[in-house]
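Thanks for coming. I have one structure to go through today, and I will keep to what can be read from it.

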Amino acid sequence: MPTFITIGYGDQDGYDRTDPGVRDQAHAHDDQLLAAGARMGIAGTPVQVRNHDAAGTETREGPFLRSALPVAGFAVIEADSIEAAVAMAARTPCAVAQGVVEVWPLHDGPAGG
């Protein structure tokens with residue numbers, strides 16, 4: 001079954017503006033996704049990693065990409081199609097609470113890579 005990575009963006013203000021009943025339904029949906037085997041987590045502070053030309057590792061705290069909303073969390077889900085994955089993501093807290101969710105197909109990489 002195809003695998004997808006979701007990235008949820010949202011902030012506390014948008015969450016607080018969303019009807020509590022809608023939020024509760026979204027959290028119940030997340031519970032169903034977890035029970036079905038999805039892996040979910042809340043985003044922590046990222047670390048950028050560089051090792052240009054394999055000459056030495058350099059790290060820097062903070063995100064490389066910037067967006068209007070902060071990254072709130074990630075999930076790894078399985079779905080029959082991108083459309084099915086989008087339908088799953090559309091009912092999550094970030095999607096319903098004034099945020100946005102990206103759905104990325106995860107393709108197998110080269111062996112050992």
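First, the ground rules. This is a predicted model, where local features need pLDDT of at least 70 and side-chain atom pairs count only at pLDDT 80 or more, while totals for chains, interfaces and linings use all residues. Residues are numbered from 1 along each chain as its sequence is written, and side-chain values use heavy atoms, with hydrogens and water left out.

Now the chain. Starting at the N terminus, the order is β-α-α-β-β-β-β-α-α-β. The C-alpha trace spans about 55 × 35 × 20 Å along its principal axes. Of the 113 residues, 25% are buried, where buried means under 20% relative accessible area, exposed means over 50%, and partly exposed lies in between, with a 1.4 Å probe and protein chains only. For contacts between residues at least 6 apart in sequence, 69% join residues at least 24 apart; a contact means heavy atoms within 4.5 Å.

Next, the sheet. Four strands form an open sheet in the order β2-β5-β1-β6, and the pairing is antiparallel. Two strands count as paired if DSSP finds at least two bridges between them. At the edges are β2 (39-42) and β6 (100-106), each pairing on one side only. On average, neighbouring strands here are turned by 15° against each other, direction ignored. Axes are lines fitted to C-alpha atoms, for helices over the stretch in contact, and angles run from 0 to 180 degrees between N-to-C directions.

Which strand pairs with β6 over seven bridges? That is β1, residues 3-9, in the antiparallel sense. Within that pair, I7 has E102 as its bridge partner in β6. Helix α3 (residues 82-89) lies across β1, β5 (71-78) and β6, and runs at about 150° to β6.

Let me stay with E102 for a moment. Is E102 buried or partly exposed? E102 is partly exposed, because its relative accessible area is 30%. Leaving out residues up to four places away in sequence, E102 touches I5, T6, I7 and Y9.

On to the pockets. A pocket is an open set of points on a 1 Å grid over the protein atoms alone, where a 1.4 Å probe fits, with protein on both sides within 12 Å along at least five of seven lines; lining residues have an atom within 4 Å of a point. The largest pocket holds about 600 Å³ of space. It is lined by 27 residues, and D30, A72, G73, P93 and C94 are the closest to its centre. Elements giving two or more residues to this lining are β1, α1 (12-17), α2 (20-35), β2, β5, α3 and α4 (93-96).

The second largest pocket holds about 440 Å³. Among its 16 lining residues, Y9, P63, L65, V71 and F74 are the closest to the centre. Here β1, β5 and β6 each supply at least two lining residues.

Last, L34, which is found in helix α2. L34 is partly exposed, because its relative accessible area is 41%. Its C-alpha atom is separated by 9.9 Å from that of V76, 42 residues apart along the chain.

Key. Grid points are joined across faces, edges and corners, and a volume is the space filled by probe spheres set on the points.
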